[in-house]
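Hi there,

Here is the structure I promised to pass on.

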Amino acid sequence: MKILIIGASGIIGKPLFESLKKEHEVFGAYRSSTEYPVDTRDTASVRLLLETLPKLDAIINAAGSAVWEEFDLLTEADYYVGIKDKLMGQVNLVHTAKEFLNPNGSITLTTGILADFPEPSSAGLALVNGALHSFVMAAAPQLKNNIRLNVVAPGAIKGSIEGEELFAGHAPVTIEAVIDVYKEALLGSRTGHVLKIY
Ligand SMILES: NC(=O)c1ccc[n+]([C@@H]2O[C@H](COP(=O)([O-])OP(=O)(O)OC[C@H]3O[C@@H](n4cnc5c(N)ncnc54)[C@H](OP(=O)(O)O)[C@@H]3O)[C@@H](O)[C@H]2O)c1
């Protein structure tokens, strides 16, 4: 399979890239990449990248952030950071990517545990994660050519938070287990699903 991973230098994206490249042809993209630079906040940049790559069988996005801030300090501008980056970056990616995928291809997005379980500073992330879950449910049945669309919602990745305390009330999850869920989205037949691991 030819697979594009956006966010391929990150806590999730890098080990996912390393794992998938053992069996597939994988292209790793992120903003500061010299080989495959892309910024999902900018549709033109996504289109430019996709035009330089061969037709793909799968696109996995593990990029996009939102403002982490105490509720009383969150501003409207803070919310729009996450809406522009993690939410619309991924929504626009689906609209653009579907033209560049082979029939029976797949798109996998990333959200997280904060869609379901709160932390004191999580409203900005919860807003976009929840919106993405609804988006995937509604958009997946509309995709043509048997293209599948799913979203992986991981808990905190073990080792990426201070200590081993509970995050949003749940124990951290191993990156190996999270990679298996991305592989399920990639290789399975499900579409329109939120694949939760926490
Ligand atoms: N880490 C966790 O415990 C965890 C748990 C649940 C969910 N998540 C979610 O999973 C996603 C990835 O998290 P992570 O911890 O792996 O993040 P990370 O370590 O900060 O890595 C983010 C990756 O995405 C790239 N990137 C960031 N913004 C981008 C943009 N607008 N366009 C293209 N590339 C971009 C980064 O490289 P450049 O900066 O060079 O672009 C990097 O490759 C996030 O949405 C996060 O909320 C993470």
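(Buried means under 20% relative accessible area, exposed over 50% and partly exposed in between, with a 1.4 Å probe and protein chains only.) N146 sits in the loop between helix 4 and strand 5, and its phi is positive, about 60°, although it is not a glycine.

Before going on, two words on the basis: this is a predicted model, in which local features need pLDDT of at least 70 and side-chain atom pairs count only at pLDDT 80 or more, while totals for chains, interfaces and linings use all residues. Residues are numbered from 1 along each chain as its sequence is written, and side-chain values use heavy atoms, with hydrogens and water left out. Helices (H or I, at least four residues) and strands (E, at least two) are DSSP runs, numbered from the N terminus.

N104 is another residue to look at in the backbone angles. Its phi is near 70°, a positive value in a residue other than glycine. N104 belongs to strand 4 and is exposed, at a relative accessible area of 53%.

Six strands form an open sheet with parallel pairing, in the order 2-1-3-4-5-6. Two strands count as paired if DSSP finds at least two bridges between them. At the edges are strand 2 (25-29) and strand 6 (194-197), each of which pairs on one side only. Neighbouring strands of this sheet are turned by 15° against each other on average, direction ignored. For the angles here, axes are lines fitted to C-alpha atoms, for helices over the stretch in contact, and angles run from 0 to 180 degrees between N-to-C directions.

Strand 3 (residues 56-61) and strand 4 (residues 101-110) run parallel and are joined by four bridges, with L56 opposite L101 in strand 4. Two helices pack on this sheet, where contact means heavy atoms within 4.5 Å. Helix 1 touches strand 1 (2-6), strand 2 and strand 3, and its direction makes about 165° with that of strand 1. Helix 3 (residues 76-97) touches strand 1, strand 3, strand 4 and strand 5 (148-154), and its direction makes about 175° with that of strand 4.

Strand 1 pairs with strand 2 in the parallel sense over five bridges, and L4 stands opposite F27 in strand 2. Four of the five residues of strand 1 are buried, so this strand is largely enclosed by the rest of the structure.

**Helix pairs**

What angle do the axes of helix 1 and helix 5 make where they cross? The axes of helix 1 (residues 13-20) and helix 5 (residues 175-187) come within 10 Å and cross at roughly 60°. The two are therefore oblique to each other; angles under 35 degrees count as roughly parallel, over 145 as roughly antiparallel, 65 to 115 as roughly perpendicular and the rest as oblique. From helix 1, P15, L16, S19 and L20 meet I175, I179, Y182, K183 and L186 in helix 5. The residues of this contact divide into seven nonpolar, one polar and one charged. (Ala, Val, Leu, Ile, Met, Phe, Trp, Tyr, Cys and Pro count as nonpolar, Asp, Glu, Lys and Arg as charged, and the others, Gly among them, as polar.)

The axes of helix 2 (residues 43-52) and helix 3 also come within 10 Å, and they cross at roughly 40°. Helix 2 and helix 3 are therefore oblique to each other. Here T43, V46, R47 and L50 in helix 2 meet N92, L93, T96 and A97 in helix 3, a set of four nonpolar, three polar and one charged.

- V178, in helix 5, is buried at 0% relative accessible area. Leaving aside residues up to four places away in sequence, V178 touches P154, I157, V173 and I197.
- V152, in strand 5, counts as buried at 0% relative accessibility. V152 and N61 are 91 residues apart in sequence and 9.7 Å apart in space, C-alpha to C-alpha.
- S122, in the loop between strand 4 and helix 4 (123-139), is buried with a relative accessible area of 3%. With residues up to four places away in sequence not counted, S122 touches W68 and L114.

Best wishes
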